[in-house]
Amino acid sequence: MEKGNLHRWVEQLDTGMKYKRGLGIESTAHTFGVSIVDERGTILSNVKEVYKPPSGKGIHPREASRHHAEKAPKLIGDALKAAALAIDDMDFIAYSAGPGLGPCLRVGATLARALSVYYNKPIIPVHHGVGHIELGCLLTGSSDPVVLLLSGGHTMILVSGIRSWVVFGETLDLTLGQLIDQFGRAIGYSSPAGPSIEKLARDGKKYVTLPYVVKGNDLSFSGMLTSIKKELSRPYEDLAFSLQETAFAMVAEVSERALALTGKRELLVVGGVAANARLSEMLNHVADRQGAAIKPIPIAFAGDCGAQIAWPGILYNKAGISAKAEDAFVNQSWRIDRVSVPWRS
Amino acid sequence: MEKLIKRGAEADILLGWWGPLRAVFKVRRAKPYMVTELDLKLRKARTIREASVMPQARKAGANTPYIFYVGIRTFTIVMQYIDGPTMKEMLDDKPVLAAELGRTLSKLHSVGIIHGDPNTANFILSDANRLWYTVDFGLSFFSSELEDIAVDIHIVKEMLAAQHKRVFQEAFNHFLTGYSKTAGQHGLTQILKKLNEIERRGRYGRQLVD
Ligand SMILES: Nc1ncnc2c1ncn2[C@@H]1O[C@H](COP(=O)(O)OP(=O)(O)OP(=O)(O)O)[C@@H](O)[C@H]1O
Ligand SMILES: [Mg+2]
C-alpha cells in the first residue's frame, strides 16, 4: 500500500498532472460497497460487506439497510486507506441512485449527500445497471458489445443507443436472479442462492421438463417457478440442474439472436449471475457459433461493488455532468433506457 | 447442392433446389450447449409450429413462402425461396415501411396468430412480385388474449429501438398507423394501454423482495 502510494506520487510528479479520481458508493440491495477509481480506469480500492438474510428468507429491506448503515463508516475509511487517499483528494462522490430497495438506496444517498456537503464535492447519481455495464466494458476492454445484464434486479440484453443503452430483450416478469433465489428459498437456502444452486445442480442427473418461454427477444420465468414448486418431491439436485439448464438455455437463445441480428462481435456478461460456470459454458458456445468473442468479467467484479459506481462517476465527471447535493435523488424503479449516457453514441 | 446463406439463432438457412424450384431449407440443428431432451423437444415443437402456422397466416392475408416439405425427424422445413431484401436492410432509409409491418401484424392478430418474433429481418420484399413476405413462425402461437397481442407489439417496439435507433420514433409511429388500419383505433387504444402496463410491470418496477 505504502509502495503503491509512493509509486503514484512519483508518477504524478513525472507527468505533472493529477489524475481525476472519485469515490463510489453502491447500496442498492445486499451489498454495501465503496470504491475509488481514477480517470485512467485504475481501481485504487474496492471494499464491500454483504448482508446475509437468515436461511430460507429473502432480503428484508430494512434489515439490509441497517446492516449498510452499520458498516458504512468503516468501509468508507477502508476504501480511502487502501487507496492511501483522503476524501479531500476526491473530485466527486458518486452513489447508486437506483433501481433497488428504497431503504438501502437511501443509506447510500444520504451518506453521499453528507460527504458532498461537508467536503464540498460534486455529487453524481449513477444507475446501478449502467454501472455493471460500464465497469464490464472497462475491465474487459469491450467497445461496442451486446450486453447481457444479469443482476438481482435486471435480466436484460442491451446494445448501445444514442447517448443511452437500449433494451434489446428482457424478462417480462421475474429476473433470473429472482427465479434462482425464490427456488432456493423454497428448498431452504438464503438469498442470494446462486452459488448454492449451482453447486447442487452439478449433481443433478435427471432432466425435469420445465416451461421454456421465449417471446421474440423477451423471456418469461414465472411459469418455470410455478412448475418447479410443484415438483419439490424430486431430488433437489435434479431440480436445480433442470432449472439451470432451462433458464440458461433461454438466455443463451436470446443472446444468440442478439448477436445474429446486430452482427456485433463482443458479448459482455455482467451482474451476479455472470459468475455461474454453467452459464458461461453455454454462452461460450453461443459466441463461438456466432463468431463473437465472449468477454467474461473477473468474478470479483461480476457482483455488486463500489467500482461499478465510481467508474461511471468518472465518465460523467469527464462529460461535465454532476448534481448539487440537494438534488441527490433515489429512484427505486429507475429505467435503464431513460438514463443519459453521454459517452455512448 | 444447398448453400448456407444465413445462420439464424435457431436454424441454418440453406439455399437449394426442390425439383425445378429454388428452395430454402430451414434446418434446426442441434445446439450443443443444450441438454438433449430440451433441445429435441424445442426443435420438434418449433418445426411443427412453424409449418402449421405458415399456411394459416397466408389465409389471414399475410404472404408466406409455400412449404414444399416438412421433415419432422430432421427438423427441416423446405419452402419457397423469396428473393429480395429484408425490411431490416431498408427501414433506416425508409421508416414508412414499418406501416407494412403494422398492417401484416394486425392481420395476423385479427385471426388469433401471435407471430412471436416480429423482427424486421423476418419481412422480405420479393423482387419477383414486389409483395412483402413474412417468415420465421417458429415462436408463433394461437391466442386472442390482449396480453399476448400487446407483448408481440412490445417486441416490435423494443426491436425498433434497438436495431433501428436513428429512426425509432418515426418508424414506430408508422407501425402504429399501419396496425390501426386493420385493428381500428379502438383496438389500438386498448392494446397501447396494455403495452404501457407491460412496460411498467416488466422492468425495474420490480422489488427485490416479494
Ligand atoms: N423462404 C425464405 N426465402 C428467403 N429468405 C429467407 C427465407 N426464410 C428465411 N430467410 C432468411 O433467413 C433469415 C433467417 O431465417 P429465420 O428467421 O426463419 O431463421 P431463424 O433461425 O428462426 O432466425 P432467428 O435468428 O430470427 O431466430 C431470415 O431473416 C431471412 O432473411
Ligand atoms: Mg428470424
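Predicted model: local features only at pLDDT ≥ 70, side-chain atom pairs only at ≥ 80, totals over all residues.

Me: OK, chain A. What's the secondary structure of chain A?

Reply: Chain A has ten helices and twelve strands. Those are DSSP runs numbered from the N terminus, helices being H or I with at least four residues and strands E with at least two.

Me: And what radius of gyration does chain A have?

Reply: Chain A comes to 20 Å, which agrees with the value near 20 Å for a compact globule of 345 residues. The radius is taken over C-alpha atoms, and the globule rule is 2.2 Å times the number of residues to the power 0.38. The C-alpha trace spans about 60 × 45 × 40 Å along its principal axes.

Me: How is chain A divided into domains?

Reply: Domain 1 of chain A is 13–132 + 303–338 and domain 2 is 145–294; the bounds come from an automatic or database domain assignment. Their C-alpha centres lie 27 Å apart. In contact (heavy atoms within 4.5 Å) are 17 residues from domain 1 of chain A and 16 residues from domain 2 of chain A.

Me: How much area is buried between those two?

Reply: About 1,200 Å², with carbon and sulfur atoms giving 64%. Buried area here is the accessible area (1.4 Å probe) that two parts lose on being put together, summed over both. On the domain 1 side, G56(A), H132(A) and I336(A) lose the most, together 38% of what that side buries.

Me: Switching to chain B. Where are the domains of chain B?

Reply: Domain 1 of chain B is 3–80 and domain 2 is 87–200, with C-alpha centres 22 Å apart. Together they bury about 1,400 Å², 62% of it on carbon and sulfur atoms. In domain 1 of chain B, V53(B), A60(B) and N63(B) lose the most area to domain 2, together 35% of what that side buries.

Me: How many salt bridges link the domains of chain B?

Reply: One. D136(B) and K26(B) meet through their side chains in a salt bridge, 3.1 Å from N to O.

Me: Now the two chains. How many residues of chain A are in contact with chain B?

Reply: 58 residues of chain A are in contact with 43 residues of chain B. The area buried between the chains is about 4,200 Å², and carbon and sulfur atoms give 55% of that. In chain A, Y207(A), L261(A) and R289(A) lose the most area to chain B, together 15% of what that side buries.

Me: And how many salt bridges across the interface of chain A and chain B?

Reply: Three salt bridges. K215(A) and D148(B) also meet in a salt bridge through their side chains, at 3.8 Å from N to O.

Conventions
Residues numbered from 1 in each chain as written. Chains lettered and ligands numbered in written order. Heavy atoms only, no water. Salt bridge = Lys/Arg side-chain N within 4 Å of Asp/Glu carboxyl O.
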